Amino acid sequence: MKKMLALALLAAVLPVFPASVAQAKDKEEVVVYNWGEYMDPDVIADFEKETGIKVVYEEFETNEIMYPKVAAGAAQYDLICPSDYMISKMLANDMLQPINFDHIPNYANIDEKYIEQSKGFDPENKYSIPYCWGTVGILYNTTMVDDPVDSWEILWNEKYADDILMQDSVRDAFMIPEKMLGYDINTVNEDEIAAAAQLLMDQKPLVQAYVIDQVRDKMIGEEAALGVIYSGEAIYTQRENENLEYVIPKEGTNVWIDSWVIPKNAKNVENAEKFLDFLCRGDIALRNFDYITYSTPNKAARELIEDEEIRESTIAFPTEEMLANSQVFVYIGEEGDALYNEYWDKVKSY
Amino acid sequence: MKKQKHVLLSGPYLFWTAAFIIIPLLMIVYYGLTDTSGAFTLSNIAQMGTPERLKALWLSLLLSLIATGICLVMAYPLALILTGTKVNATGFIVTIFIIPMWMNSLLRILAWQTLLERNGVINVALRFLHLPELRIINTPYAIALGMIYDFLPFMLLPIYNALEKIDQNVINAAYDLGANRFQTFWKVIFPLTVPGMISGITMVFVPALTTFVISDFLGGSKVLLIGNVIERQFTQVGDWNVGSGMSLVLMVFILISMAVMQHYDKSGGEQVVL
């Protein structure tokens, strides 16, 4: 109903600008919706040069911001790069179309391990191609923190009041107290969510700010001593400030995979496949890895990494033991989402 | 013939009003009063009643009132001084106050973040001078500061316009009739600037009440204003109905504030428009 009304009204307004619509159709293009700072701009330029297909590139900051935009149908994308649990949500709502892997020969470059892991959210491996993966952990400044950092507990240490940066996205924020309390990070038990929210509220006076992309610059600029960050950002920050160290806490964490999907209403499926194949090429995946420093599931690209320190880095490629207690997020249903949002509001206004 | 011309000329404006003001407003009313299945309900409006949302609303009202008050207290004397200066200089000084508005407000708020941060420009300077540091980033104080900075020109310009429009003869007449400087100000100048102040207050109070950008950047996402609550409903939770319901409640507060303003605008004179 909601969509119908919005579309009807849009339809009433749109015919006034037929010129611009017609113009867009003439050119070959692919509309890509990706995370912020998640692709080397030169890669896009090279793709345009090689194929003549124009890449219309848009960015989002969290899965939660991306979803309503796609679900409302307000914008039509050909390729989107959501995380695991969001892909299962989109699948549950019948928003994706299967990918024709025959058109993507470079798919063979993707490590079997990650295709296997993707079954958590894409059971038949029909709808998604892994792009990046990683963990969530603590980035800390060794000159400002003198306690050993091996547990999430340190984010509740009053010694570091006003020196802590937390993640400003619901599920990443709740994952931390849930791991500390030994819960499943996909729990929808209200008592457990309430207990986790209580911990977050206890922590709030110590938190300097809730941030997403800014955590990187703030840690490099030594604005804070401890920050919750994605592993891919950690390598970048270490390049910029050598006092920074990344830890996967012993309680375990969230292991995530961001994968490319093609939404059902995509207009330029062929171009999307060409772009996907381009991204799966070893040399291109390597260039993206160098630029964004998020772990790549592309084995051809990993072999091409010249710097052994990076190729064997446990931040980029953690060992099995390091991930022993870690879990992947799965879609928890609309009621689960609502429950988390309700308690997140409570934490935010506490 | 003449009548037809009028219709033609007002066409673009009517289209604009219908497409971008009236239809969206009706959509908000529709979503605000229905549930996901399209049935009538008041529950979206009742959603405003939870303690955390009332707290956000209360904090928004408080901060925007403070920001409006401080803007008024700062802008009025400034406008008096500007009107008092010679004609040539005035254009220059007014331009100085308008130039910041040429820049995107988001950029200006980000600049304040860089200024106020722990290792920001201000604190580095203070530390160099061995003075105590300024720790207001990520607090409501920083948000109020951002509001004042961002909206001060909207208070200054209408007051300045109102002051400039006052006929010098009226003031001279007051002096001739024996009024001293204070009486002239209080009985003549001040009442004549009320419409300007009313415009200024509205133009500061309304955007301050609904802002979510300033509180996000200068409050470190720790301070939740009502603008943030509504923004979250649309961009993250994806519940248009609840978001619209809360927007309706906020609109009521804005309408109340405008009604109060109109009431004090006794002079009933023309509104000063920028």
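## Two domains in chain A

In chain A, the centres of domain 1 and domain 2 lie 26 Å apart, taken over C-alpha atoms. This is a predicted model, in which local features need pLDDT of at least 70 and side-chain atom pairs count only at pLDDT 80 or more, while totals for chains, interfaces and linings use all residues. Residues are numbered from 1 along each chain as its sequence is written, chains are lettered from A and ligands numbered from 1 in the order in which they are written, and side-chain values use heavy atoms, with hydrogens and water left out.

The assignment for chain A gives domain 1 as 15–133 + 257–317 and domain 2 as 134–255 + 324–349; such bounds come from an automatic or database domain assignment. Where the two meet, 21 residues of domain 1 of chain A are in contact with 22 residues of domain 2 of chain A. Contact here means heavy atoms within 4.5 Å.

## Overall build of chain A

Let's step back to the whole chain. Chain A has 15 helices and 11 strands, where helices (H or I, at least four residues) and strands (E, at least two) are DSSP runs numbered from the N terminus. Its C-alpha trace spans about 60 × 50 × 35 Å along the principal axes.

Among contacts in chain A between residues at least 6 apart in sequence, 74% join residues at least 24 apart.

## Surface and charge

Of the 350 residues of chain A, 57% count as buried. Buried means under 20% relative accessible area, exposed over 50%, and partly exposed in between (1.4 Å probe, protein chains only). Chain A exposes about 14700 Å², and carbon and sulfur atoms supply 50% of that area; the areas come from the Shrake-Rupley method with a 1.4 Å probe, and for residues only the protein chains shown count as cover.

Chain A carries 29 positive and 65 negative charges, and their mean positions are 6 Å apart. Lys and Arg count as positive and Asp and Glu as negative, leaving out His and the chain ends. Each charge is placed at NZ of Lys, CZ of Arg, CG of Asp or CD of Glu.

## Two loop residues worth a look

Glu37(A) is not a glycine, yet has a positive phi of about 50 degrees. Glu37(A) sits in the loop between strand E1 (29–35) and helix H3 (41–51) of chain A, and is partly exposed, with a relative accessible area of 44%.

In chain B, His130(B) also has a positive phi, about 55 degrees, without being a glycine. The loop that holds His130(B) runs between helix H6 (121–128) and helix H7 (140–165) of chain B. His130(B) is exposed, at a relative accessible area of 74%.
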